[in-house]
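Subject: Structure for you to look at

Hello,

Please find the sequence and structure below. My notes on what was found come after them.

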Amino acid sequence: MLTSLQNPLVKQIRKLHAAKERHKQELFLLEGTHLLEEACALNYPLVVVCCTPQWQASHPELWEEACSRCDRAEIVSEEVLNAIATTVQPDGVVATAKRRDRQTQLPVTGIVLAVETLQDPGNLGTIIRTAAAAGASGLWLSGNSVDLDNPKVLRASAGQWFRLATAVTEDLKATIQQSQQAGMQVVATLPSATLTYWEVDWRKPSLILLGNEGAGLSPEIAAMADKQVQIPLSPGVESLNVAIAAALMLYEAQRQMIYRQ
């Protein structure tokens with residue numbers, strides 16, 4: 001059992017708390033039973049799995065499955081587990097996994113999201129969770145946004161991170177242009193828009209543009225949209241959380257696809 005915080009493996013995993021190290025090592029952290037279950041269910045390649053004796057005793061089948069899918073498995077003390085986890089009260093298991101190969105293409109059918117300069121990992125994880133639940137085809141993330149495999153993003157996605165096709169784009173303008181050329185309509189949300197989001201025909205392949213939490217979409221990105229829509233708000237309410245805005249449009253699209261055949 002690993003008990004020393006000075007162990008080289010422990011030091012290596014602790015470094016993965018930082019985005020720079022995740023990129024350097026080409027690894028990211030999986031924390032908690034639920035995320036490990038999702039990774040195993042989808043055959044996601046694991047590298048190291050660490051758990052406490054108590055967790056191993058209470059999850060023998062998952063431990064056995066995780067061991068069969070990883071390069072190295074270690075029983076660790078609670079002190080070590082607390083050190084390698086980013087959560088305040090980890091539930092007893094932490095794993096590392098290989099970062100996804102960078103996708104350069106996403107589907108140009110159905111509903112795809114494109115997120116510009118998003119900074120809050122909780123928001124991104126919630127958007128991923130909602131997009132997967134609503135049957136979205138994928139999500140583009142601008143390169144200056146929060147790290148796609150930030151531990152908080154994975155936790156907020158409730159495991160749906162593994163199920164939604166995602167890709168990082170370093171040139172969001174080019175990505176939007178390519179989507180338009182492929183026949184997708186591009187829809188941006190703006191407070192000043194005259195069209196409401198339910199007036200769009202979401203049965204068409206669509207790219208939804210979502211902006212930064214505070215500043216919204218940049219003017220140059222918003223100007224590229226084929227349609228600009230607003231989400232009606234009561235007087236005195238300035239804006240909605242970006243994840244809530246995404247959910248409204250995703251489920252309106254789903255409603256139209258089901259009931260407006």
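How many residues does the largest nonpolar core have, and which of them have the most contacts inside it? In this predicted model, that core has 53 residues, and Leu30, Leu36 and Leu46 have the most contacts within it. Helix α11 (residues 242-259) gives the most to this core, with seven residues. Another core lies apart from it and has 19 residues, including Leu106, Ala167, Ile176 and Ala188.

Leaving aside residues up to four places away in sequence, Leu36 touches Leu46, Val49, Trp55, Leu62, Ala66, Val93 and Ala95. Leu36 is also one of the buried residues of helix α3, along with Thr33, Leu35, Glu38, Ala39 and Cys40. The buried residues of α3 pack against β1 (27-31), β2 (46-51), α4 (53-58), α5, β4 (93-98) and α8 (151-156).

Next, the pair α3 and α5. Two packed helices are described by the angle between their axes and the distance between the axes. Here the axes of α3 (residues 33-41) and α5 (residues 60-69) come within 10 Å and cross at roughly 55 degrees.

On the α3 side, Thr33, Leu36, Glu37 and Cys40 meet Leu62, Glu65, Ala66 and Arg69 of α5. The residues of this contact comprise four nonpolar, one polar and three charged.

Finally, α3 is followed by Asn43, which has a positive phi, near 60 degrees.

Regards

Conventions
Residues are numbered from 1 along each chain as its sequence is written. This is a predicted model: local features need pLDDT of at least 70, side-chain atom pairs count only at pLDDT 80 or more; totals for chains, interfaces and linings use all residues. Side-chain values use heavy atoms; hydrogens and water are left out. A nonpolar core is a set of buried Ala, Val, Leu, Ile, Met, Phe, Trp, Tyr and Cys residues joined through side-chain atoms within 4.5 Å. Buried means under 20% relative accessible area, exposed over 50%, partly exposed in between (1.4 Å probe, protein chains only). Helices (H or I, at least four residues) and strands (E, at least two) are DSSP runs, numbered from the N terminus. Contact means heavy atoms within 4.5 Å. Axes are lines fitted to C-alpha atoms, for helices over the stretch in contact, and angles run from 0 to 180 degrees between N-to-C directions. Ala, Val, Leu, Ile, Met, Phe, Trp, Tyr, Cys and Pro count as nonpolar, Asp, Glu, Lys and Arg as charged, and the others, Gly among them, as polar.
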